Amino acid sequence: MIPAEPLPTSTLSVADLFARHAELNPHAPCIWAEGGSWSYSRVAAQAGALAVGLHNLGVEPGDRVIVQLPNWPEFVVSTLAVAEAGAVLVPVGPNCSARELRFTLRNSEAAVAITAETWNGVDYLQRFENLLTRLPDLQYVVTVGDEDLWYDDRIFQFEDLIASGRGREIPPTEVDPRRDPCAILYTPGTTGAPKGVVLTHDNLARTALATAARLALDAHDRTLCVVPLPNIFGLTALLTTLGTGGALVLQETFDATGALALAREHEATVVHGVPTMFVMLLRALEQGRARPDSLRTGVIAGAPVGDDLVRDLRRRLIPDLESAYGLTETSPTVSITTRSDPESKRAHTVGRPLEGVEVRVLDEAGGELPNESVGELAVRGFNVMHGYFRQPGQTRKTMTEDGFLKTGDLAMVDPEGYLHIVGRLSDVILRGGNSVHPAEIEAQLRSHPAVEEAVVLGIPNDVLGELICACVITAEGALITADEIRDFCHESLAEHRVPDLIHFLDELPEASSAQARRVSLARMVRAEADRTRSPRRSPGKGARDRTGENANGGP
C-alpha cells in the first residue's frame with residue numbers, strides 16, 4: 001500500500017474556488033469562445049444573477065439541476081450558478097440519447113433543466129417540452145439559443161432568467177464542502193442501470209487543485225478545452241483552470257485542425273485529451289498544420305496509452321504532457337506523472353498518487369498484495385466519491401469496510417511507488433490458460449500509424465476458451481491488412497497476446513462509456529461470427545475477419 005500524506009485542513013466549495021480569483025483579478029480573461037471573450041467579472045456577474053434566477057424558480061440547496069449543453073460559456077456560467085445556489089449539478093452530454101436523458105431526469109428528480117434550444121440537428125426544446133408533461137419533478141426548462149420563441153410559464157430563456165436576477169442577491173447558503181454534494185455524474189453500466197456518482201465540493205475542488213499543482217498551472221495558463229465539459233474530464237479541465245485563475249479556450253466539438261488553430265490564436269499553454277484526440281492532433285501536424293509553440297503541458301488519460309505515443313507527443317507538440325489515471329468515482333485524478341519523474345516512469349506509468357490519496361492492490365479475497373503484484377486497484381482519500389445516488393447496495397459493493405473504493409482496474413505498484421495500470425478486471429481474456437489484458441494490446445495497436453482506434457475483445461471458442469479479436473478503425477487514407485497488423489503485434493507482444501481475429505470497422509458504435517461500447521462491439525462481432533460460421537477448424541488457422549482475410553494470412 002502507498003500511504004497518504006497528511007490532508008490539508010482547509011476546504012473550499014466550488015463557488016469559493018472561483019470567487020477568490022474573480023475578486024483578485026476581475027478583469028482577467030476567463031473564457032474565450034466563438035462569441036468572444038469573457039472576463040472573470042463578467043462570468044461572476046452572470047453566474048450570480050443566474051443563481052438568483054434559479055432561487056426565484058424555487059431551487060433550494062440540495063435540489064438537482066440538469067445542465068445539457070456543449071462546450072459553450074453558458075455551461076461554465078451554469079455550473080458556477082448551481083454551485084452558488086447550493087444546488088447539485090447534474091451534467092449531461094448533448095449527445096446523450098433521449099432514453100438516457102429520461103432516466104437521468106427521473107432518477108435524479110431534477111427540478112430544473114438548462115439546455116440548448118437546438119444543437120447539431122437536435123431540437124432539445126421539443127424534447128424537454130415532451131418531458132415536462134411526463135416527469136412530475138421537472139418544473140422548469142431554461143433554454144440557450146438565439147431564436148425569439150414563445151415560451152410558457154415553465155420555459156425560460158437563459159438570458160431572460162439572468163436578467164431577472166441581475167442586481168439581486170440570494171439568501172446566504174451554508175455549504176459544508178466535505179459533506180454536501182456538488183455534482184452527480186451518471187456512469188452507464190453495462191449490465192444494469194446507470195449509476196449516479198455523488199461528488200462533494202471538497203472532492204472536486206481539492207482534486208482539481210492537487211491536479212493543477214502536479215501540472216504547475218497558474219493564472220498565466222490558458223487551457224484549450226477540447227474534451228466535453230459535461231463529463232468528468234471536462235469538469236477537471238474547467239476546475240483546474242478556474243481554480244488557478246487561468247483562462248479557458250472552448251472548442252464546441254473536437255476538430256484537430258481547428259484545435260491547433262485555436263491554440264495558436266489564443267496562445268494556449270494547456271490541453272487535455274484522450275489518446276485518440278492526440279493522435280489526430282499529430283496527424284493534423286503531419287498534414288502541414290502549423291505547430292502551436294505555446295503548448296506546454298496537459299493530461300493524456302481516459303484510455304490505455306502507448307509509450308511511443310507519449311514520447312512522440314512530448315517531442316512534437318506538448319513538452320510536458322503528463323499521463324494520469326482516474327475515474328469518475330475519484331473526481332477523477334488518482335495519480336499523475338510530473339516533469340521531475342524519471343523518463344522511464346513518465347513513459348511506462350501513470351505516476352504516483354496525489355498527496356492525501358492511498359492506493360492498495362487487492363487479491364481476489366480482498367487481501368492486500370505486496371508491491372509488484374497484479375491485482376484490483378483500490379483507492380482511499382479526499383477524491384473518493386460520497387457514494388452512488390440512491391444506491392446504497394451498489395455503494396457497499398464498491399467500497400471496502402475501511403473506506404477504499406474498488407476500481408475494477410487491474411494494477412501494479414512498483415518499488416518506487418509508481419502506478420502501472422494493466423487492464424480491466426472484467427475485461428480479462430482467458431485464452432488457452434493465459435490471462436490476456438486487452439489494454440496492453442490496444443496500446444500496441446494504437447501506436448501503429450495506420451490505426452486510428454482499436455478495441456480488443458474476447459470471443460468464445462470451444463478449444464481455447466476465448467479468441468482475441470481486435471476491432472480496428474484505420475486512419476483516413478491508410479491501407480493495412482490483417483497480416484500486417486499481426487506482424488506489428490508480434491514485434492512487442494507474446495504469441496498468446498497477438499490477436500487471432502482482426503475485424504475492420506468504419507466507426508465504433510455509439511455508446512456512453514468505454515465499457516458499454518466494448519459490450520456492444522462484442523455482441524456485434526459474435527452475431528456476425530454466428531452468421532458466417534463454417535465447420536470447425538483450428539483456432540487461428542481458419543478464422544476469418546470481415547475482409548475475408550485469414551487472420552494468419554492465408555486465403
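Biologist: What should I keep in mind before we start?

Modeller: This is a predicted model, where local features need pLDDT of at least 70, side-chain atom pairs count only at pLDDT 80 or more, and totals for chains, interfaces and linings use all residues. Residues are numbered from 1 along each chain as its sequence is written, and side-chain values use heavy atoms, leaving out hydrogens and water.

Biologist: Why does the radius of gyration agree with a compact globule?

Modeller: The rule, with the radius taken over C-alpha atoms, is 2.2 Å times the number of residues to the power 0.38. For 555 residues that puts a compact globule near 24 Å, and the chain has 24 Å, so the two agree. Along its principal axes the C-alpha trace spans about 75 × 55 × 50 Å.

Biologist: What makes Ser13 count as buried?

Modeller: Buried means under 20% relative accessible area, exposed over 50%, and partly exposed in between, using a 1.4 Å probe and protein chains only. Ser13 has 6% relative accessibility, so it counts as buried. Ser13 sits in the segment before α1 (14-24). Leaving aside residues up to four places away in sequence, Ser13 touches Val175, Pro177 and His201; contact means heavy atoms within 4.5 Å. Over the chain, 55% of the 555 residues count as buried.

Biologist: How many helices and strands are there?

Modeller: The chain has 16 helices and 28 strands. These are DSSP runs numbered from the N terminus: helices are H or I with at least four residues, strands are E with at least two. Take helix α11 (residues 307-316): its buried residues include Leu309, Val310 and Leu313. The buried residues of α11 pack against α10 (275-286), β15 (297-300), β16 (320-326) and α12 (343-348).

Biologist: What makes a set of residues a nonpolar core?

Modeller: Its members are buried Ala, Val, Leu, Ile, Met, Phe, Trp, Tyr and Cys residues joined through side-chain atoms within 4.5 Å. The largest such core has 118 residues, and Leu50, Ile114, Leu224, Leu242 and Leu317 touch the most other members. Helix α2 (residues 40-56) gives the most to this core, with eight residues. Apart from it lies another core of 21 residues, Ile66 and Tyr186 among them.

Biologist: Which residues does Ile114 touch?

Modeller: Not counting residues up to four places away in sequence, its contacts include Leu50, Val65, Val142 and Phe158.
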